[in-house]
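Here is a protein model to explore together. Please keep the sequence and the 3D view open while you read.

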Amino acid sequence: MAPIDPHSFTDSTHPVTTHIALSLYLDFPSSTIHATALLSLSTPHTGPLSLDTRSLTIHSVLDPQSQAPIPFSLSSDQDPIRGRHLTLSLSNHSSFLVVYSTSPSSSALQWLSPPQTFNKTLPFVYTQCQSIHARSVFPCQDTPAARVTYTCLLNVPSSLSAVMSARHVTRRSPSESSPSHAPPPPHATWGAEGRAVEEFVMDQPIPTYLFAFAVGELGFREVGPRTRVYAEAAGPVLDEAAREFAGTEEMVQQGERLFGPYDWERFDLLVLPPSFPYGGMENPRMVFLTPTVIKGDASGAQVVAHELAHSWTGNLITNKTNDHFWLNEGFTTYAERRIVEAVQGEDRAALNIGIGWKGLNEEMERFKDNMEFTKLKTNQEGVDPDDVYSQVPYEKGFQFLWRIERQIGRPAFDEFLKKYINTFKFKSIDTETFLDFLKANVPGIEKDIDLELWTEGTGIPPDAYEPVSNIYTKIVSLANEFKLGRMPREDEVADWQGQEWELYLENLPKAVEASQILALDERYRLSESKDYEVKVAFLQLAISAKCRDYYGEVEKTLKSVGRMKYLRPLYTALVQGTGKEEEKILAKRVFAEARDCYHPIAQGVVESIFAKHL
Ligand code: BES
Ligand code: ZN
């Protein structure tokens, strides 16, 4: 037994899965999927084969040709991070069929009841598989070291439609026969009236964390030659989203100019309900987005630029394990800012770098007792990636690449990036592979930059760089003046958008007096901002100052969004530190009332914040 990934039971001596054919019957009343998964291996195998599962009931494993049962065992103990180890006993099999069901607590799936949606009459369900949740939807070798192609049949109520991060083939009645490559129906009611089957194919190999679907009452608008925006058809979201993302094609073209051809054919966007736990998720062909990015300023496009950039860095070249997560997020943050610079200008890009710089410095404080997670290359043995998710891989990774760019100059770095993408596309790599490629292509680089310090050292290296630009410098100095009691004048903030306020608030001292908080809000109404970045940054300060006037707004915010970027700082501000009894009681009550509206991943993260501080 030789694990290849600290977060997976996948064994290095076993063949890898190359293709998965799924049939999923979605049963909304019981929040369960009844399913079959036909897995094909790279070579026929005899002996044990290890798979990852979580919250799955395995009914049987069959030889796909003879239907003969294949012996299997599911570990009785549940590893708190990896889930349950499924071991099959194969006899020269190159494929096998697993018949199984998910459970209502499957961590990738959020089932929304009709009242939790816009239309209020029909349910909704969607997946979030990164980092290690695909195993709660289907049994698999759930490690980004292995890549698979897949087909998927989704059997859904005919009042709903489905989208996937894959090519849509057809929507048909379940009584029409399945294509020959499809596994058999997993459920007796497969052909029942009032159901429809949506068929999808993904023929480019992807890591399992990029598997994704959503099912609900969906509509779409065309916003570009390869881009539709999808969202719940009821309510105003669809039109607002179409307006917000009208500039998407221009960004795709800038991406192609910088990083080479866009390889995924379509670049569609799906705006999810407010409980979506991330800002965006780079599911190939169909990026998933929180509705909180729709606010009519530059920042929505920034999130799209980030997820688009993953089409090259992350989805084409993938981190081999989560220990090398910076290869995904650091490169993508760098690429995102190049796209932002091209479409929104240098000042906007510098502002984003500045917000990131502040975020990176704050993470050093968060991890001061656990410096392992201030490294680029980490050791995540025994660690849940959701618990140590931070800005470090994004912003320290960005800083590292920006440092290399400064050393060799932009034209040479651009050429290097294109070559890197071309060399490793559709591969999963680690930090060493990147460093070897860097040294081979930029001879002598290790003499100018301490590559080991950057990738293996803790903290922020001395040659990291705070950005300089007019607006960035102005905002930081205004924030410093606030410490001396001067509030910015109306004319100084007249043209500020959300990101300017965000940077300003994040640079204020953490210990501001309640009276100062009230005065600032009286003038600029930040607590009522429709921009959650601004509102949450302000509410965090209000909680630190124990300014009770805002606790009602804090509660409202925690009950209206499930994006972890907002839940994490607000719950942490409420429960950390001493002498905060009232705040702790508030946090516990609000979580008890809001819990059901959060995605299971977000529920877990809030629970671990409580476990640490309560
Ligand atoms: N891939 C991430 C989201 C993610 C990371 C999900 C780790 C699960 C585990 C995505 O690309 C991302 O970074 N989203 C950011 C967007 C931002 C940096 C513009 C987010 O959600 O805040
Ligand atoms: Zn990302």
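Ser55 is partly exposed, because its relative accessible area is 21% (buried means under 20% relative accessible area, exposed over 50%, and partly exposed in between, with a 1.4 Å probe and protein chains only). You can find Ser55 in the loop between strand E2 (32–53) and strand E3 (57–62). Helices (H or I, at least four residues) and strands (E, at least two) are DSSP runs, numbered from the N terminus. Although Ser55 is not a glycine, it has a positive phi of about 55 degrees.

A word on how to read the model: it is predicted, so local features need pLDDT of at least 70 and side-chain atom pairs count only at pLDDT 80 or more, while totals for chains, interfaces and linings use all residues. Residues are numbered from 1 along each chain as its sequence is written, chains are lettered from A and ligands numbered from 1 in the order in which they are written, and side-chain values use heavy atoms, with hydrogens and water left out.

Arg285 also has a positive phi, of about 70 degrees, and is not a glycine. Arg285 sits in the loop between strand E16 (280–281) and strand E17 (286–289). With 9% relative accessibility, Arg285 counts as buried. Another backbone feature to look up is the peptide bond from Gln130 to Ser131, which is cis, with omega near 0 degrees. Ser131 belongs to the loop between E7 and strand E8 (148–157).

**Strands around E5**

Strands of a sheet pair through backbone hydrogen bonds, either parallel or antiparallel. Here two strands pair if DSSP finds at least two bridges between them. Which strands pair with E5? The table lists E2, E3 and E4 as partners.

| Pair | Direction | Bridges |
|---|---|---|
| E2 and E5 | antiparallel | 15 bridges |
| E3 and E5 | antiparallel | five bridges |
| E4 (residues 72–74) and E5 | antiparallel | three bridges |

You can trace these pairings residue by residue. Ala35 stands opposite Tyr100 in E5, Val99 in E5 is the bridge partner of Ser60, and Phe72 faces Leu88 in E5 as its opposite residue. Strand E5 (residues 84–101) also contains His85. His85 is buried, with a relative accessible area of 17%. Between His85 and Phe9 there are 76 residues in sequence, yet the two are 6.4 Å apart in space, C-alpha to C-alpha.

E6 and strand E7 (residues 124–127) pair in the antiparallel sense over four bridges. Leu112 stands opposite Phe124 in E7.

Is His310 buried or exposed? His310 is buried, with a relative accessible area of 0%, and Glu329 is buried too. A polar atom of the His310 side chain lies 3.0 Å from the backbone oxygen of Thr313. This is a polar contact, meaning a pair of N or O atoms within 3.5 Å; within protein, one must be able to donate a hydrogen and the other to accept it, and residues adjacent in sequence count only if both atoms are side-chain atoms.

Ligand 1 is surrounded by 17 residues, and the closest are Gln130, Gly279, Glu282, Glu307 and Tyr394 (a residue is near a molecule or strand if one of its heavy atoms lies within 4 Å of it). A polar side-chain atom of His306 lies 3.1 Å from an oxygen atom of ligand 1. For Glu329, a polar side-chain atom lies 3.0 Å from a nitrogen atom of ligand 1. Gly280 takes part through its backbone, with an N or O atom 3.2 Å from a nitrogen atom of ligand 1.
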